[in-house]
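Dear colleague,

I am passing on the structure we spoke about, and I would be glad if you could look through it alongside the notes below.

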Amino acid sequence: MPLNDEQNSECDSSRFSESAASSSDSEYSRQSFTSDSSSKPSSPASTSPPKVVTFDEMMAAARNLSDLTLAHEIAVNEKFHLQRIEHPQNSLFGRVRHIVHKAFWDHLEKDLNEDPPEYEHAIKLFEEIKEILLSFLNPGANRMRSQICEVLDTDLIRQQAQHDAVDIQGLANYVITTMGKLCAPVRDNDVNQLKATGNIVALLRQIFHVLDLMMMDMVNFIIQGLRPHLQQNLVDYERAKFQEILEETPSALDLTTEWIRESVLDELSSVSCEPSSSSGADGISKPNLSPTLVLTNSYLKLLQWDYQKKTIPETLVTDEGRLRELSEKLNQLKIVACICLITSNTVGAVIEGIPDFGDKQKRISFVLLEGMNKKTFDLKEALTAIGLQTCSEINHSLTERGFLPLNKEVCANLAGQICNVIEEDNPISSLIDKRIQLYMRSLLASPCSQKSMPTIPGGLAVIQSELESIGSQFANIVNLNKQVYGPFYANIFRKLLFSEPVTSTADTNPSTN
């Protein structure tokens with residue numbers, strides 16, 4: 001039988017990442033959900049041995065994580081679908097696949113060319129074709145089911161083969177006709193092309209190829225049908241699945257706890273601690289911190305997260321791809337905003353008379369900064385090019401209007417300031433970053449029912465539409481995450497802020513929602 005290749009495709013404008021059932025999920029599970037210690041509370045004097053997570057428990061947690069990730073992806077990513085992997089012919093997998101397939105079909109052709117022909121392999125292929133066709137039928141399609149089983153009756157075909165009376169071409173034509181009745185409209189052309197194939201071996205090979213496409217269409221149709229149901233029940237389903245993971249591996253909230261603890265410590269560093277302040281479970285004196293404020297700060301950290309080096313908290317693994325993409329886009333927007341602000345401050349009086357210069361400079365910056373998050377990208381070189389291009393556009397516009405171009409000192413100053421935005425502690429970069437954070441914080445603090453966007457801080461008007469789009473996507477991720485994992489966050493806050501033990505079961509009345 002031909003080898004089938006398929007993968008989960010994430011074409012969402014807000015990245016979803018990687019296949020929901022890919023090996024990376026299992027790898028993450030091994031790294032993050034495996035520990036020799038339990039998160040259940042124990043007294044300081046306890047001599048109970050730590051709970052060891054067995055291999056079966058770890059694999060059960062990995063399966064639950066895979067199910068949770070797939071359901072989450074289907075529900076939140078409207079463009080999520082499956083598609084075939086088309087490996088390049090010159091790749092190792094492509095060469096191996098070509099060799100194996102060629103050997104299989106060559107062997108079939110040899111069998112059919114014998115005298116008398118050997119039909120056993122062909123009969124097995126028709127038996128598999130019959131099962132695939134039956135899988136496309138609705139439960140009530142009894143008439144067509146009976147017809148398929150009658151025409152593709154392998155026992156009858158074997159009896160005909162023993163007397164050299166089997167009509168392979170006739171069976172193939174029936175299969176093509178049935179495929180035309182069952183396929184999606186998008187496959188009509190593929191099915192019609194089968195009729196023009198004269199060689200029976202090539203025809204069977206193409207039939208399996210089109211059947212693979214039809215099976216992929218069927219799976220994607222089922223996914224579309226499941227999506228509304230998953231969207232209605234996503235919160236309860238994800239919470240229950242994560243609860244199962246937590247019961248299998250009690251350390252499944254360790255990274256999440258550390259993520260929130262960092263925000264608690266950051267907040268503590270910004271307020272004065274009085275001697276009478278309450279003491280948390282870590283023995284650290286804590287004033288009355290707001291769990292909502294701390295959690296908001298934790299979410300904002302994700303926009304500046306180093307996704308290459310740091311593992312994301314367990315409760316956000318299903319949105320890692322989206323968060324990484326938003327973080328990369330926001331970093332690019334920050335650079336563009338810095339470039340526009342520097343240009344306005346340096347030669348603002350000159351560019352006031354140039355129509356649409358801000359939009360033109362923004363477009364140039366986006367083009368030259370494309371791919372800036374790749375390791376091989378030379379950001380310094382790109383910024384140098386943007387500086388030179390900016391000066392060139394300004395001088396060209398000035399010359400067209402009969403004015404003198406910018407002198408070399410002004411151009412060098414402008415280009416130098418643009419290049420310096422990536423320097424550590426650059427004042428323009430720090431200012432833009434603070435204003436973006438302020439906007440995102442205002443967005444997360446807005447009620448979910450509020451349809452209007454927060455006011456854009458000064459200096460960000462040039463990227464307003466892009467920033468609002470990213471902010472809206474980020475807020476949607478955060479709000480759903482709060483609904484699903486709020487009870488688990490509440491337990492963590494009890495430990496960190498109120499000295500209460502963390503339980504292994506989610507609280508049904510979280511204070512962080």
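Predicted model: local features only at pLDDT ≥ 70, side-chain atom pairs only at ≥ 80, totals over all residues.

Helix H7 (residues 168-182) packs with helix H9 (residues 200-248) at an angle of about 20°, and their axes are 11 Å apart. That angle makes H7 roughly parallel to H9, and the crossing in which H7 passes H9 is left-handed. On the H7 side the contact is made by Ile168, Gln169, Ala172, Val175, Ile176, Met179 and Leu182, which meet Ile200, Leu203, Ile207, Val210, Leu211 and Met214 in H9. Sorted by class, the residues of this contact of H7 with H9 are 12 nonpolar and 1 polar, with no charged residues.

The other packing involves helix H12 (residues 320-351) and helix H15 (residues 408-419), whose axes come within 9 Å and cross at roughly 155°. Because angles over 145 degrees count as roughly antiparallel, H12 and H15 are therefore roughly antiparallel to each other, and their crossing is right-handed. Here Ile339, Ile342, Thr343, Thr346 and Val347 in H12 meet Val410, Asn413, Leu414, Gln417 and Ile418 in H15. The contact of H12 with H15 divides into 6 nonpolar and 4 polar residues, again with no charged ones.

Aromatic rings

The count of aromatic pairs comes to 7. One of them joins phenylalanine 104 and tryptophan 105, whose ring centres are 5.0 Å apart and whose planes stand at 90°, so the pair is edge-to-face. Phenylalanine 104 is partly exposed, with a relative accessible area of 26%, whereas tryptophan 105 is buried, at 3%. The ring of tryptophan 105 also pairs with that of phenylalanine 208, with centres 6.4 Å apart and planes at 55°, so this pair is tilted. The pair links distant parts of the chain, since tryptophan 105 is in helix H3 (residues 92-113) and phenylalanine 208 is in helix H9, 103 residues apart. Phenylalanine 208 is buried, as is tryptophan 105. Through these ring pairs, Phe104, Trp105 and Phe208 are linked into a cluster.

A further residue

Isoleucine 492 is found in helix H17 (residues 464-498) and is buried, with a relative accessible area of 2%. Isoleucine 492 and isoleucine 260 are 232 residues apart in sequence, while their C-alpha atoms are 8.1 Å apart in space.

Key:
Residues numbered from 1 in each chain as written. Heavy atoms only, no water. Axes fitted to C-alpha atoms, helices over the stretch in contact; angles between N-to-C directions. Helix = DSSP H or I, 4+ residues; strand = E, 2+ residues; numbered from the N terminus. Parallel < 35°, antiparallel > 145°, perpendicular 65-115°, else oblique. Left-handed = near helix turned anticlockwise from the far one by under 90°. Contact = heavy atoms within 4.5 Å. Nonpolar A, V, L, I, M, F, W, Y, C, P; charged D, E, K, R; others polar. Buried < 20%, exposed > 50% of the residue type's maximum accessible area, 1.4 Å probe, protein only. Phe/Tyr/Trp six-rings, centres within 6.5 Å; stacked < 30°, edge-to-face > 60°.
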